[in-house]
Structures are given as structure tokens and as C-alpha cells.
Amino acid sequence: VTGDWKIEKRIGCNEFPVEAGPAKANTVTSYMACRRSQDINLAACFPDIGTLLDRGFKLRVTWKVWVAPRYDCKSEYHAKLVYQNGSEVVLAKNVNLAAGKEWVYLSNTFYTKEIIFSYHEMGKDRQFWAGHYGVKILNPKLTVKL
């Protein structure tokens with residue numbers, strides 16, 4: 001599922017080149033919390049999905065992302081899914097990253113019958129330095145299988 005990101009807090013949400021890591025571009029955050037989200041409606045992509053779920057099938061959702069701190073500044077990262085009914089699945093909460101150049105791979109797999117949800121993520125630096133010193137977020141991905 002692909003789509004446009006909605007930047008909920010513009011401060012610090014920018015595309016930046018990676019210093020060293022598994023790709024050539026990513027999103028980097030700042031000392032202010034950068035929040036972004038993406039709405040996902042699986043029924044729009046797969047019109048018959050509701051019928052399959054009514055028959056007892058569940059969706060297997062796998063979430064993956066790479067995150068890294070800046071080499072000289074601590075940072076944090078959070079991610080969650082919010083279903084249309086308001087319930088949430090926390091994917092990553094208070095992931096505190098010590099200063100360094102190491103990328104961290106985060107993943108989570110769960111089962112659901114929900115087909116309309118929003119993906120939310122937030123990152124920031126923990127030392128309140130002005131500039132882009134927060135967590136780097138690379139290629140968040142949701143894979144849905146029946």
C-alpha cells in the first residue's frame with residue numbers, strides 16, 4: 001500500500017541524505033517532535049476483502065522500519081496504528097537511541113480484521129539541539145497478507 005504522507009508537525013520533518021546506512025535517503029527529525037501519518041484503506045485496494053474477513057479470515061500485518069540516531073545526539077522514536085474505531089496497536093514506544101551511527105531494525109507482526117487504519121510515527125532528538133539532530137527514519141513498511 002502506498003500513498004502520501006501527512007506531515008502533522010512540519011518542524012524537523014525533512015528528506016535528508018543518510019550519513020551512512022542501508023539507503024540513500026530518509027526522513028530526519030529535529031529537537032521538536034516530528035509527527036507524520038498515512039491513512040490506509042485496504043478495501044480501496046482490494047474490494048472483496050470484506051467478504052473474506054466475514055468468512056473468518058484475518059489479515060497478517062507485518063511492520064518494518066530502520067531507525068538510527070545521529071552520531072552525536074540521542075534520539076527517540078514511536079510508531080502506532082490507529083483503527084477507524086479508535087483502538088490502537090503500538091508498534092514501537094519510547095525507542096531510545098543512544099548517539100552513534102548504528103541503524104536499528106524494528107519489526108512487529110500481528111493479526112487483525114480491521115481494514116481501515118492510520119499509520120502514525122514520531123521522532124525527535126533527546127538533547128533539544130536546534131537543527132536536524134533527531135532520529136533518522138528509513139522506509140517504514142506495512143505488509144498485509146491474508
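Reader: Where is Lys 141 placed, and why is Lys 141 called partly exposed?

Author: Lys 141 lies in strand 10, a strand being a DSSP run (E, at least two residues) numbered from the N terminus. Buried means under 20% relative accessible area, exposed over 50%, and partly exposed in between (1.4 Å probe, protein chains only). Lys 141 has 48% relative accessibility and therefore counts as partly exposed. This is a predicted model, in which local features need pLDDT of at least 70, side-chain atom pairs count only at pLDDT 80 or more, and totals for chains, interfaces and linings use all residues. Residues are numbered from 1 along each chain as its sequence is written, and side-chain values use heavy atoms, with hydrogens and water left out.

Reader: What makes Glu 121 and Arg 36 a salt bridge?

Author: A salt bridge is a side-chain nitrogen of Lys or Arg within 4 Å of a carboxyl oxygen of Asp or Glu. The side chains of Glu 121 and Arg 36 meet at 2.6 Å, N to O, so the pair is a salt bridge. Glu 121 in strand 9 and Arg 36 in strand 4 are 85 residues apart, and the pair links distant parts of the chain.

Reader: How do you know whether Glu 121 and Arg 36 are buried or exposed?

Author: Glu 121 has a relative accessible area of 2% and is therefore buried. Arg 36, with 6%, is buried as well.

Key
Helix = DSSP H or I, 4+ residues; strand = E, 2+ residues; numbered from the N terminus.
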